[in-house]
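The report below describes strand pairing, helix packing and charged side-chain contacts.

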Amino acid sequence: MMLWLVLLWRPAAASNWEQEMTPGHISSSGLECTSYNEWRACLTGTESSITLTTNGVTVACTDPTEAAAITTYIRDWTQSGENGLDQVLSCDGVSWAFGQCGGNNPSLEIRAGGGTKICDGDCFVSSSEIVMRPCIDNENWGGGNGPTCGDRNNLIQPTQTFAISTGTSSQSSQCGGGSDSSTPATPTGLFTFQAGRCYPQ
């Protein structure tokens with residue numbers, strides 16, 4: 001009796017997360033946060049690129065070593081007890097800062113494309129920066145190219161769509177926002193996140 005073993009190689013798909021963020025309080029138990037945490041859990045730490053997009057701003061990391069370090073940090077982050085900066089990584093000459101921000105329910109804050117201050121009360125970022133806090137459990141969930149907090153200092157935080165996409169050469173599962181597409185959606189609002197569930201390829 002002969003046994004044949006056939007191995008089919010399939011290129012690894014990117015992992016994506018997209019979520020519309022609307023002005024006002026975003027709950028840590030809401031879809032904005034829970035889908036984000038599901039996406040984080042899908043990351044393998046072997047991603048070869050990561051791109052954040054919102055409100056006309058795109059921040060990309062295409063260096064495979066640094067992209068893997070960034071996605072590993074995002075995947076493995078846990079609450080530390082104190083707000084502020086935990087880690088700064090650099091990719092393609094751009095800073096990616098990470099830390100904790102929030103009161104009763106601290107959130108991972110990602111600040112990419114410029115400054116490295118985390119949870120410093122600054123509610124406005126430059127045209128090259130994105131700040132994301134989708135689990136902060138209040139109205140200060142972030143933004144890009146403008147306000148990053150709720151109605152503070154007469155800044156109007158508009159609806160935004162966060163989009164995050166990653167590429168990889170060795171990922172064994174795909175994280176997506178409910179679609180099999182590995183192409184990140186083009187943001188149509190001001191803030192969109194792409195995240196979601198893990199499913200086998």
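Gly84 stands opposite Gln100 in E5, where strands are DSSP runs of E with at least two residues and helices are runs of H or I with at least four residues, both numbered from the N terminus. Strand E4 (residues 84-91) and strand E5 (residues 94-101) are paired in the antiparallel sense over 7 bridges, pairing being assigned if DSSP finds at least two bridges between two strands. The hairpin of E4 and E5 has 2 residues between the strands, and Asp92 takes a positive phi near 55° there.

This is a predicted model, in which local features need pLDDT of at least 70 and side-chain atom pairs count only at pLDDT 80 or more, whereas totals for chains, interfaces and linings use all residues. Residues are numbered from 1 along each chain as its sequence is written, and side-chain values use heavy atoms, with hydrogens and water left out.

Strand E2 (residues 47-54) runs antiparallel to E3 and is joined to E3 by 5 bridges. Among the facing residues, Thr51 stands opposite Ala60 in E3, and Thr53 has Thr58 of E3 as its bridge partner. With 2 residues between them, E2 and E3 form a hairpin, and Asn55 in the turn has a positive phi of about 50°.

An open sheet of 4 strands has the order E1-E9-E2-E3, with antiparallel pairing. Strand E1 (15-21) and E3 stand at the edges with a single partner strand each, so one side of each is left without a neighbour in the sheet. On average, neighbouring strands of this sheet are turned by 10° against each other, direction ignored.

Helix H2 (residues 64-76) packs on the sheet and touches E2, E3 and E9, its direction making about 70° with that of E2; contact means heavy atoms within 4.5 Å. Helix H1 (residues 31-42) lies across E1, E2 and strand E9 (160-168), and runs at about 170° to E1. The axes behind these angles are lines fitted to C-alpha atoms, for helices over the stretch in contact, and the angles run from 0 to 180 degrees between N-to-C directions.

## Salt bridges

Side chains of opposite charge can pair when their charged atoms come close. A salt bridge is counted when a side-chain nitrogen of Lys or Arg is within 4 Å of a carboxyl oxygen of Asp or Glu, and by this rule the count comes to 3 salt bridges. One of them joins Asp76 and Arg75, whose closest N and O atoms are 2.7 Å apart; Asp76 is partly exposed at 43% relative accessible area, and Arg75 is also partly exposed, at 28%.

Arg133 and Glu109 meet through their side chains in a salt bridge (2.8 Å, N to O). Arg133 lies in the loop between strand E7 (130-132) and strand E8 (142-144) and Glu109 in strand E6 (residues 107-112), so the pair ties together parts that are 24 residues apart in sequence. Both Arg133 and Glu109 are buried. Glu129 and Arg111 likewise form a salt bridge (2.8 Å, N to O), and this pair links distant parts of the chain, with Glu129 in the loop between E6 and E7 and Arg111 in strand E6, 18 residues apart. Glu129 is buried at 7% relative accessibility, and Arg111 is buried with a relative accessible area of 7%.

Technical notes: Buried means under 20% relative accessible area, exposed over 50%, partly exposed in between (1.4 Å probe, protein chains only).
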